[in-house]
Amino acid sequence: YQLRKAFPKAVALFNKGELEAALPFLDKAIGQYPARVEPYRLAATICVKLGQPDRARDYYQGMLDHATGAALAEAHLRLGALALEADQADKAALGQAVAHLEAARDAFKKLKDQPKLATALILLATAHTRAGDPKSAERCLEQVAALPKSVRRGDVTAVLVVSQLANKLR
């Protein structure tokens with residue numbers, strides 16, 4: 001009975017801005033109901049807000065085993081973004097970012113969630129660029145440019161033209 005109250009208590013603490021205090025309750029909720037993705041998601045969100053990306057990564061990684069559909073796609077998207085944000089992202093981190101972002105792209109495409117698909121593709125283009133694969137980055141930007149303008153962020157077409165020019169100059 002006590003643990004069933006853990007998640008609502010964590011949410012209440014989160015809503016009051018008591019982020020650090022919410023984490024032990026989320027850990028209890030995860031321990032009691034490991035197949036529920038909500039505690040993982042909230043714990044990861046809190047860790048991001050607290051500037052603890054490694055800890056957030058652990059929660060999102062735990063979420064992968066239990067999430068399906070949009071929650072799984074979102075976990076991959078967040079893991080990819082965290083890998084890109086890491087200071088001095090090395091080759092292994094960039095490889096992880098690409099793998100997670102490709103999984104997110106595929107899932108959002110299947111779910112027909114075009115705004116999230118655009119985000120995944122833009123992040124994937126960034127990962128490919130940092131990994132030294134400008135052709136793959138360009139393909140991602142072309143896919144974003146093909147999406148309806150209402151779901152794109154910024155002027156992707158201009159970025160794509162610059163990317164294509166840079167590739168021709170190589």
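Me: Just after helix 3, which residue takes a positive phi?
Reply: This is a predicted model, and in it helix 3 covers residues 37–49. Just after that helix there is a residue with a positive phi of about 75°, and the residue is Gly 51.

Me: How many helices and how many strands does the protein chain have?
Reply: Read from the N terminus on, the elements of the protein chain run α-α-α-α-α-α-α-α-α. The count for the protein chain is therefore zero strands and nine helices.

Me: What share of the residues in the protein chain is buried?
Reply: A residue counts as buried when its relative accessible area is under 20%. The protein chain has 170 residues, and the part of them that is buried comes to 40%.

Me: How far does helix 3 reach from its first C-alpha to its last?
Reply: Helix 3 has 13 residues, and at 1.5 Å a residue a reach of 18 Å is expected.

Me: Which helices do the buried residues of helix 3 pack against?
Reply: The buried residues in helix 3 are Val 37, Pro 39, Tyr 40, Leu 42, Ala 43, Ala 44, Ile 46 and Cys 47. These buried residues pack against helix 1 (6–15), helix 2 (19–32), helix 4 (53–64) and helix 5 (69–85).

Me: Are helix 3 and helix 4 roughly parallel or roughly antiparallel?
Reply: The axes of helix 3 and helix 4 come within 8 Å and cross at roughly 165°. Because angles over 145 degrees count as roughly antiparallel, helix 3 and helix 4 are roughly antiparallel.

Me: How many nonpolar residues are there in the contact of helix 3 with helix 4?
Reply: On the side of helix 3 the contact includes Val 37, Tyr 40 and Arg 41, and these and others meet residues of helix 4, among them Pro 53, Arg 55 and Tyr 59. The residues of this contact divide into two charged, two polar and, as the number of nonpolar ones, eleven.

Me: Is the crossing of helix 4 and helix 5 left-handed or right-handed?
Reply: The axes of helix 4 and helix 5 come within 9 Å and cross at roughly 150°, which makes helix 4 roughly antiparallel to helix 5. As for its hand, the crossing of helix 4 and helix 5 is left-handed.

Me: Is Glu 74 buried or exposed?
Reply: Glu 74 has its place in helix 5, and leaving aside its neighbours within four places in sequence, this residue is in contact with Phe 108 and Lys 116. Because its relative accessible area is 13%, and the cut-off is under 20%, Glu 74 is buried.

Me: At what relative accessibility does Arg 105 count as buried?
Reply: Arg 105 is found in helix 6. Not counting residues up to four places away in sequence, Arg 105 touches Leu 117, Ala 120, Leu 121, Leu 124 and Gln 143. Arg 105 counts as buried because its relative accessibility is 16%.

Me: Which residue has a positive phi of about 60° although it is not a glycine?
Reply: Most residues other than glycine have a negative phi. The place of the residue asked for is in the loop between helix 6 (91–111) and helix 7 (114–130), and it is exposed, with a relative accessible area of 72%. The residue with this positive phi is Lys 112.

Notes: Residues numbered from 1 in each chain as written. Predicted model: local features only at pLDDT ≥ 70, side-chain atom pairs only at ≥ 80, totals over all residues. Heavy atoms only, no water. Helix = DSSP H or I, 4+ residues; strand = E, 2+ residues; numbered from the N terminus. Expected span 1.5 Å × (residues − 1). Buried < 20%, exposed > 50% of the residue type's maximum accessible area, 1.4 Å probe, protein only. Contact = heavy atoms within 4.5 Å. Axes fitted to C-alpha atoms, helices over the stretch in contact; angles between N-to-C directions. Parallel < 35°, antiparallel > 145°, perpendicular 65-115°, else oblique. Left-handed = near helix turned anticlockwise from the far one by under 90°. Nonpolar A, V, L, I, M, F, W, Y, C, P; charged D, E, K, R; others polar.
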